[in-house]
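Please read the points below with the sequence and the model open. They are meant for someone who has not looked at this structure before.

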Amino acid sequence: MRFRELLGFSERAEFFNSYKDDFNFDVVSREVSELKDEELNFYRDSPDSFYIVPFADALDLVQSRQVVIKSGAVYISVNNEEMIARLVCNKFRQKLSEELVKTRNHLPVVDDDERIAPMLKTIKHRYLGEDFSSVGENLQGSISLAQIDFRRFVCLEAVLSSLYETLRKEHHLRHFGRLQYGLFLKSIGLTLDQAMAFWRAEFVKKMEPEKFEKQYAYNVRHSYGKEGKRANYTPYSCLKIILSNNPGQGDHHGCPFRHWDDSHIRQMLTTHGVSHKGVTNITAYLKDDHYQLACQKYYEITHAIEAAPFSLEHPSQYFRESRMQRGHTGGKQETRLPTVKTEVKAEDDFCGDISIQDMQNFEEEMDQF
């Protein structure tokens, strides 16, 4: 993944130099290479230079007769990005296999270590990504209540879109829904006073203000570490949402791709403007329980990009990346990948906008490849 993002010969050369113990490739120009004219003509891209790679590191390329062999070495065009990427993948698999063997040999020792064994047994359930509680502290006060009126859901994960829609419709969320959504709002910069005003404004539409103050205000302050044990609660990661607190009857928290049935998921995606083909592509991941990959595909389709420039691990990450993609970067204009028919709206449009037609146009263009 990292290698494929590198552009140009110089960046790839720097990559190989960083791992020169693993990639001991020489580079020679066309003029000083030992290749004859008929051998040079084998390369249709007429390269100016070649990587000289040990025969054993390019067996699959030799087997498929895609390269010229000379004096026990393989000559690979510096212009052939796909072939070079295969070399990197082969070396990665080799190193991974070697390290897995070492790990297996050390497992008996690790299993007997009371300090390490419990941690390893639970590591698959641990979130090891960015600490968005700290990010939220740095951003506090950077958004207004008007800006979290998410009229368009392009900047929200499907799970947060569901919570937002339910709150606007029913003016209430049950405990885990309030906790999940409230900690998310905290992580994107909402202050305690803003959060209190936000929840109060919704809940008093169906209850007396005194009831809100008595039954719900404490929980808002508690989530900000101002009540109880005064802990700094962290926003829920995708892993935590998927694995904990399964929603029951009347609940709206959790992950739609994990906790909803197929018909409900398809209806939700269609409502959010995803085409029939897009729905099929997203739900295909659910057959193998790849919920985060399904959500990442949802991001790609709703933002009309070919591939997301990140690996999705957190709703707050989704929100941040969405704003960057739409051009909202706190005064900095940053676009990681080109989009199709992207338009940044007025400054008070917190999420940016993208139309259903944009998404359909993008999918039609991708069908041509």
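Which residues do ring pairs link into a cluster? The cluster holds Tyr181, Phe184, Phe198, Trp199, Phe203, Phe212, Tyr216 and Phe319.

1. Basis of the note. This is a predicted model, in which local features need pLDDT of at least 70 and side-chain atom pairs count only at pLDDT 80 or more, while totals for chains, interfaces and linings use all residues. Residues are numbered from 1 along each chain as its sequence is written, and side-chain values use heavy atoms, with hydrogens and water left out.

2. Overall make-up. The chain has 18 helices and four strands; helices (H or I, at least four residues) and strands (E, at least two) are DSSP runs, numbered from the N terminus. Of its 369 residues, 44% count as buried. Here buried means under 20% relative accessible area, exposed means over 50%, and partly exposed is in between (1.4 Å probe, protein chains only). Among contacts with a separation of 6 or more, 59% come from residues 24 or more positions apart, a contact being heavy atoms within 4.5 Å.

3. Aromatic pairs. The structure holds 13 aromatic pairs. Phe212 and Tyr216 form a stacked pair, because their ring centres are 6.3 Å apart and their planes meet at 25°. The cut-offs are as follows: rings of Phe, Tyr and Trp (its six-membered ring) pair if their centres lie within 6.5 Å, and planes under 30 degrees apart count as stacked, over 60 as edge-to-face and the rest as tilted. Both Phe212 and Tyr216 are buried, and both belong to the cluster named above.

4. A charge over a ring. The charged end of Lys186 sits over the ring of Tyr224, at 5.4 Å from the ring centre. This term requires NZ of Lys or CZ of Arg within 6 Å of the ring centre and within 35 degrees of the ring normal.

5. Side chains of opposite charge can pair when their charged atoms come close. A search of the whole structure finds nine salt bridges, each defined as a side-chain nitrogen of Lys or Arg within 4 Å of a carboxyl oxygen of Asp or Glu. One of them joins Glu202 and Arg168, with 2.0 Å from N to O. Glu202 lies in helix α9 (residues 192-203) and Arg168 in helix α7 (residues 158-170), so this bridge ties together parts that are 34 residues apart in sequence. Glu202 is buried at 2% relative accessible area, whereas Arg168 is partly exposed at 29%. Arg168, Glu202 and Lys205 are linked in a network of salt bridges. Not counting residues up to four places away in sequence, Glu202 touches Leu167, Arg168 and His171.

6. Two further salt bridges. Asp251 pairs with Arg174, their closest N and O atoms being 3.5 Å apart. This pair links distant parts of the chain, 77 residues apart: Asp251 is in the loop between α12 (238-243) and α13 (256-259), and Arg174 is in the loop between α7 and α8 (175-187). Asp251 is partly exposed at 23% relative accessible area, and Arg174 is partly exposed at 42%. By contrast, Arg266 and Asp262 are four residues apart in helix α14 (residues 262-271), so about one helical turn separates them. The closest N and O atoms of Arg266 and Asp262 are 2.8 Å apart.

7. The second largest pocket. What is the volume of the second largest pocket? The value is about 430 Å³. Of the 18 residues that line this pocket, Ser162, Thr166, His252, Trp260 and His264 are the closest to its centre. The elements that give two or more residues to the lining are α7 and α14, and α7 gives the most, with six residues. A pocket is found on a 1 Å grid over the protein atoms alone, as an open set of points where a 1.4 Å probe fits, with protein on both sides within 12 Å along at least five of seven lines; lining residues have an atom within 4 Å of a point. Grid points are joined across faces, edges and corners, and the volume is the space filled by probe spheres set on the points.

8. Backbone angles to check. Asn245 has a positive phi of about 55° although it is not a glycine. Asn245 is in the loop between α12 and α13 and is partly exposed at 31% relative accessibility. Ala304 also has a positive phi, near 55°. Its place is in the loop between α16 (291-302) and α17 (315-326), and Ala304 is buried, with a relative accessible area of 0%.
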